[in-house]
Structure formats: C-alpha cells, structure tokens
Amino acid sequence: MSAPAAPSMTALLTGIAAAPDAHELFAQTSTRLRRTVGFDAAVWVATDPVNGLTTAPVRVENLHEGGCGTYWESELFAEHVNLFRDLALAPVPVAGLRAVTGDRPTLSPLYRSFMRPRGFGDELRAVLRLDGQSWGQVSLFRERGRAAFAAADVAVLHALSGPMARRLRGFARPTTTSPDGIHAPGLLLFGADGALLSVNNEARELLALMPPGPSTTTDSGIALPLPVWILSTAGRARLTGDSARIRIRNLTGQWLVCHASCLRDANGAPSTTALVIEHATPSDIAALVVAAYELTRRELEVTELIAAGLSTAAIARHLLVSAHTVRDHVKSIFDKTGVTSRGELVAALFTEYRQPAAESVTLRVLDGQAS
C-alpha cells in the first residue's frame with residue numbers, strides 16, 4: 001500500500017486538527033480530499049462509539065434525498081459485502097467495492113439498489129477508528145466510466161482514519177446545542193423540603209415540550225407547573241440521598257434524559273437536589289428500547305455486541321461462553337423481538353429512534369451548494 005503524497009497529507013491533517021466542529025470537519029476534509037482522491041458524491045457520518053450506529057451530524061454530498069433510505073437500509077439488511085461493521089474490525093478499516101468483489105460490483109446489494117440506478121461505478125468506504133472504537137464512517141462514490149478506487153486511495157483514507165476519529169472524539173464532549181435549538185441542558189434546583197428554588201430558561205423550554213400528563217406546583221418557591229415524573233425523580237433523589245434517572249419522549253419526538261442528584265452541605269446533611277434535563281444519547285435510547293422487549297442482562301450484552309458487528313465466535317470469546325450458548329441467546333432475542341436476522345434486530349431496536357435526529361442535522365450539498 002503506497003503512502004499518500006506528503007504535502008497533500010499535511011494539508012489534510014492540519015485541517016482536521018483545526019476543524020471547529022464536526023460539520024466543518026466533514027466539509028473541509030471533503031474539499032481537500034477531493035483534490036487527492038477524486039470522487040463525485042459522498043456521505044460523511046458520525047457514529048456512536050459504543051455500538052457503531054449512525055448519529056449526528058451527517059453530511060451528504062451530491063446525493064438527492066430520495067435514495068438515502070436505500071443507502072442506510074443496505075447496511076442493516078444486505079448480504080455481507082463490504083459492510084461498515086466488518087470494516088470496523090478489519091486490520092485496515094478502508095476498502096473499495098470493486099476491489100473487494102473482484103471487479104464484480106453486482107455482488108453488492110448496495111450497488112444494485114443504490115449505486116447503479118444513480119450512475120455510480122465504485123464506492124470507497126472507511127471507518128474512522130481510534131483505540132478500537134468507531135467514531136465515524138465515510139462513503140465516497142465515483143461515477144461509472146471512471147477508474148476504480150486504487151490502493152493509493154485506500155492508503156489516504158487509512159492515514160486519515162485515526163486523526164479524524166480523534167477529532168470527532170473531542171467533539172463528543174457535552175455540547176451546548178441540541179436538536180431542538182435549546183442551547184444548554186435544563187437545570188432545576190429543589191430545596192430540602194422539595195420546593196423549586198431556581199430554574200434556568202433552557203429547563204423552561206424543555207418543560208414546555210413535555211408530553212401531556214399530570215402536573216403540579218411545589219408547595220412553596222417558584223410557581224411553575226411541573227410534570228409528576230419530574231417531581232418524582234427529584235423526590236426519589238432527595239429521599240434516598242442517591243441519584244435517580246428517567247427518560248421521556250417529548251412532543252417533538254426527541255428523547256430526553258432527566259437525572260437528579262441529592263447535594264449535601266458541609267456537614268454531610270442533605271440540602272438541595274439538582275435535576276438536569278438533556279437530550280438522550282443514542283446509547284441511552286438503545287438501552288431503553290432493548291428494555292422494552294424484556295431482554296435479560298445477558299441477552300442485552302449479546303444484543304449490544306451484535307450491534308457492534310461481532311460474529312457468533314467473537315461474542316463467545318468476549319463473554320467466555322460457547323458458540324452454542326450464544327446461538328441460544330440469539331434465538332431467544334429473535335423470538336422476543338419478532339425478527340429473523342441480525343440486520344432486522346439492529347433496525348428494530350435502534351434505527352427508528354435515531355434516524356429522525358440524524359436527519360434533522362443532515363447537511364445536503366449538491367455541486368458545492370448546501371441545501
């Protein structure tokens with residue numbers, strides 16, 4: 001595998017290190033990369049490092065909206081041809097479709113259902129990986145008639161995989177924005193008697209988007225109607241002296257996490273209770289949806305490893321059990337969730353709750369113009 005040219009690689013790495021956010025990281029890297037690795041369309045996504053599933057942000061270049069569903073579904077339901085979850089475990093997390101299929105791209109369902117109808121002849125895809133975790137994915141497409149992606153192109157993306165993952169990991173720290181445009185987590189502070197003492201503006205906005213349900217004001221303090229699930233969460237933390245946590249889906253379809261913690265004074269006595277409301281992460285949603293199917297703790301572990309792309313043998317090694325035991329767990333999981341394949345399982349448990357959030361922060365670019 002030949003090394004990329006030093007000047008172009010220096011410019012790419014410098015730009016990656018200086019990108020102010022994930023959207024700019026994708027945009028600037030794509031512009032520079034096009035000069036080194038020619039391509040006609042692209043998909044750039046961030047992924048949840050726990051399970052490798054797509055999260056925000058998403059940047060789509062020169063692909064119209066109608067075909068994106070086919071693109072996403074191919075990873076979940078297609079036969080095993082150059083899947084991201086396989087690349088995530090490969091020694092080199094980059095591969096070209098024509099190279100992988102021996103110049104027979106029709107072996108790929110993605111090619112048949114998505115690429116060929118849109119005039120694409122080859123795809124180069126990469127997992128942005130660091131310390132064994134996947135922080136992003138890239139698909140680059142070339143139109144039919146152009147040369148297939150070569151080993152030199154693979155080498156460029158391989159060299160960028162770690163630096164881009166490191167930058168995305170830096171952006172994974174708590175952010176000050178949310179899909180609903182609220183600029184910080186909501187914060188409520190309750191006194192030792194349960195009265196609401198203070199609340200920030202973000203909490204008021206998030207509370208206004210709560211689903212219908214019983215609400216009441218506290219006996220003293222700020223006269224703000226609060227849903228009973230907020231009061232009970234704060235009350236649980238205050239009464240037990242421990243933390244309490246719940247998840248709620250708001251009126252816009254977004255999942256929220258509310259977690260309360262009892263604070264103590266200088267003498268160690270309970271004083272106030274802080275309750276934070278913020279948007280749930282993909283991992284929060286996965287755990288919630290899995291729980292709805294009443295999976296056991298071990299079945300949950302197996303499900304998470306399936307979502308991360310591990311084979312039956314790899315799951316058995318990870319859990320220190322036999323492959324036969326893993327197959328029994330998988331059969332039980334399929335029976336409980338009503339699916340017949342691993343792709344269906346990942347789609348049923350995770351995709352429904354993540355696609356709307358990802359779509360709301362998808363930036364489409366056609367011929368260099370954002371839309």
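**Chatting through the fold**

Tutor: In this predicted model, 48% of the 371 residues in the protein chain are buried.

Student: OK, and how many helices and strands does the protein chain have?

Tutor: There are 14 helices and 14 strands in the protein chain.

Student: What share of the contacts between residues at least 6 apart in sequence join residues at least 24 apart?

Tutor: That share is 59% in the protein chain.

Student: Let's do sheets. What's the strand order in the open sheet of five strands?

Tutor: The order is β7-β6-β12-β11-β10, and the pairing is antiparallel.

Student: Which strands stand at the edges?

Tutor: β7 (196–199) and β10 (243–249) do. Each has a single partner strand, so one side of each has no neighbour in the sheet.

Student: And what does the twist average from one strand to the next?

Tutor: Going from one strand to the next, the twist averages 20 degrees.

Student: How many bridges join β6 to β7?

Tutor: Three bridges link β6 (residues 186–190) with β7, and the two strands run antiparallel. Phenylalanine 190 has leucine 196 of β7 as its bridge partner, while leucine 188 is partnered by valine 199, also in β7.

Student: What holds strands of a sheet together in general?

Tutor: Backbone hydrogen bonds pair them, in either a parallel or an antiparallel way.

Student: Back to the β6 and β7 hairpin: how many residues sit between the strands?

Tutor: Five residues lie between β6 and β7. Look at glycine 194 in that turn, with its positive phi of about 90 degrees.

Student: Which strands does helix α8 lie across?

Tutor: Helix α8 (residues 201–208) lies across β6, β7, β11 (255–264) and β12 (270–279). Its direction is at about 100 degrees to β6.

Student: What about α9, which strands does that one touch?

Tutor: Helix α9 (residues 228–240) packs on the sheet and touches β6, β10, β11 and β12. The direction of α9 makes about 30 degrees with that of β11.

Student: I've clicked on tryptophan 255. Where does it lie, and is it buried or exposed?

Tutor: Tryptophan 255 is in strand β11. It counts as buried because its relative accessibility is 17%, and the cut-off for buried is under 20%.

Student: How far apart are the C-alpha atoms of tryptophan 255 and histidine 279?

Tutor: They're separated by 6.1 Å, with the two residues 24 apart along the chain.

Student: Switching to helix pairs. How do α2 and α7 cross?

Tutor: The axes of α2 (residues 22–36) and α7 (residues 151–171) come within 11 Å, crossing at roughly 165 degrees. Angles over 145 count as roughly antiparallel, so α2 and α7 are roughly antiparallel to each other. The crossing of α2 past α7 is right-handed.

Student: Which residues make that contact?

Tutor: From α2 they include Leu25, Phe26 and Leu33, and from α7 they include Val156, Leu160, Met164 and Phe171. By class, the contact of α2 with α7 has 10 nonpolar, two polar and two charged residues.

Student: And how do α12 and α13 cross?

Tutor: Helix α12 (residues 312–319) and helix α13 (residues 323–337) have axes that come within 8 Å and cross at roughly 105 degrees. That makes them roughly perpendicular.

Student: Which residues meet there?

Tutor: On the α12 side you've got Thr312, Ile315 and Ala316, meeting Ala323, Val326 and Arg327 of α13. By class that's four nonpolar, one polar and one charged.

Terms used: Residues numbered from 1 in each chain as written. Predicted model: local features only at pLDDT ≥ 70, side-chain atom pairs only at ≥ 80, totals over all residues. Heavy atoms only, no water. Axes fitted to C-alpha atoms, helices over the stretch in contact; angles between N-to-C directions. Helix = DSSP H or I, 4+ residues; strand = E, 2+ residues; numbered from the N terminus. Parallel < 35°, antiparallel > 145°, perpendicular 65-115°, else oblique. Left-handed = near helix turned anticlockwise from the far one by under 90°. Contact = heavy atoms within 4.5 Å. Nonpolar A, V, L, I, M, F, W, Y, C, P; charged D, E, K, R; others polar. Pairing = 2+ DSSP bridges. Buried < 20%, exposed > 50% of the residue type's maximum accessible area, 1.4 Å probe, protein only.
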